[in-house]
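This report describes one protein structure for a reader who has not seen it before. The sequence and the model come first, and the description follows.

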Amino acid sequence: MRIRNFSKKLIFLLIAVVGISGCNVSKSQSRVAAQTAQVTQFAPTEHPAVVELRSASASPEKLTFVISISGLDLVKDYTDLENVICQPYLRTDEHVQFSSYYQESSIPPEPGDPILITYEYGIQESDLEQLHVHVDLTIGPCGPDLQEMLVTPSPKIDLIANYSFSFVVSVDK
């Protein structure tokens with residue numbers, strides 16, 4: 001009899017602990033913590049670039065997120081950005097259609113400092129409480145390959161890597 005009561009109390013305690021920790025997980029998921037993207041390396045390199053999600057926010061009108069890229073020596077100035085760092089491919093679990101795109105970049109003044117890029121996407125869905133966002137970012141040849149006489153062609157580079165990360169962000173109303 002005592003063993004049954006002890007078993008019932010233990011089961012009840014476990015359910016309570018799991019329930020409480022489950023609540024904490026869902027609350028912490030709505031805050032976006034910095035994270036390092038998973039990398040699929042294509043070109044051999046001694047020190048691959050590191051892509052990190054710095055922050056993310058959403059409103060009924062837009063989704064904004066900031067990434068940092070460390071260790072990418074191919075980017076020396078703003079003209080290199082669009083030829084080396086491709087526009088991210090976004091998808092959401094909610095199948096949101098993005099209506100516009102804006103990018104702001106910061107080239108570091110000191111070598112070795114990370115490149116910061118802010119992405120902003122217009123949202124057409126205004127009744128969402130949160131977004132489950134999946135991002136794929138490619139570093140490699142993504143600029144126009146112009147071969148016209150009066151235009152300097154973009155530098156030829158290899159496909160370097162693809163970076164993937166996912167996050168959940170609350171839609172602030």
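## Gln 97 and its surroundings

Gln 97 is located in the loop between strand 5 and strand 6. Helices (H or I, at least four residues) and strands (E, at least two) are DSSP runs, numbered from the N terminus. Not counting residues up to four places away in sequence, Gln 97 touches Gly 122, Ile 123 and Gln 124, where contact means heavy atoms within 4.5 Å. Between the C-alpha atoms of Gln 97 and Tyr 121 there are 9.6 Å, while 24 residues separate the two along the chain.

## Basis of the values

The model is predicted: local features need pLDDT of at least 70, side-chain atom pairs count only at pLDDT 80 or more, and totals for chains, interfaces and linings use all residues. Residues are numbered from 1 along each chain as its sequence is written, and side-chain values use heavy atoms, with hydrogens and water left out.

An open sheet of 5 strands has the order 1-3-4-7-6, and the pairing is antiparallel. Its edge strands are strand 1 (35–36) and strand 6, each of which pairs on one side only. Two strands pair if DSSP finds at least two bridges between them. Strands of a sheet pair through backbone hydrogen bonds, either parallel or antiparallel.

On to strand 6 (residues 98–106), which pairs with strand 7 in the antiparallel sense over 8 bridges. Phe 98 has its bridge partner, Ile 123, in strand 7.

## Ser 68 in strand 4

Ser 68 belongs to strand 4, and Glu 52 stands opposite Ser 68. Is Ser 68 buried or exposed? Ser 68 has a relative accessible area of 0%, so it is buried. Buried means under 20% relative accessible area, exposed over 50%, and partly exposed in between (1.4 Å probe, protein chains only).

The side chain of Ser 68 makes a polar contact with the side chain of Arg 54, at 3.3 Å. A polar contact is a pair of N or O atoms within 3.5 Å; within protein, one must be able to donate a hydrogen and the other to accept it, and residues adjacent in sequence count only if both atoms are side-chain atoms. Leaving aside neighbours within four places in sequence, the residues in contact with Ser 68 include Val 50, Val 51, Pro 114, Ile 115 and Leu 116.

## The nonpolar core and the aromatic rings

The largest nonpolar core has 37 residues, and those with the most contacts inside it are Leu 63, Phe 65, Ile 67, Ile 69, Ile 85, Leu 131 and Phe 167. At least two residues of this core come from each of strand 3, strand 4, helix 2, strand 7, strand 8 and strand 9. A nonpolar core is a set of buried Ala, Val, Leu, Ile, Met, Phe, Trp, Tyr and Cys residues joined through side-chain atoms within 4.5 Å.

The whole structure holds 8 aromatic pairs. In one of them, the rings of Phe 65 and Tyr 119 have centres 5.3 Å apart and planes at 35°, so the pair is tilted. This pair links distant parts of the chain, with Phe 65 in strand 4 and Tyr 119 in strand 7, 54 residues apart. Phe 65 is buried, with a relative accessible area of 0%, and Tyr 119 is buried at 1%. Phe 65 also forms a stacked aromatic pair with Tyr 121, 6.2 Å centre to centre and with 10° between the planes. Rings of Phe, Tyr and Trp (its six-membered ring) pair if their centres lie within 6.5 Å; planes under 30 degrees apart count as stacked, over 60 as edge-to-face and the rest as tilted. One aromatic cluster is formed by Phe 65, Phe 98, Tyr 101, Tyr 119, Tyr 121, Phe 165 and Phe 167.

## The disulfide

A search of the whole structure finds 1 disulfide, which joins Cys 86 to Cys 142 with S to S at 2.5 Å. A disulfide is a pair of cysteine sulfur atoms within 2.5 Å. The link is left-handed, with -110° about the S-S bond. Cys 86 lies in the loop between helix 2 (78–84) and strand 5 (89–92), and Cys 142 in the loop between strand 8 (130–139) and strand 9 (161–170), so the pair ties together parts that are 56 residues apart in sequence. Cys 86 counts as buried at 13% relative accessibility, whereas Cys 142 counts as partly exposed at 29%.
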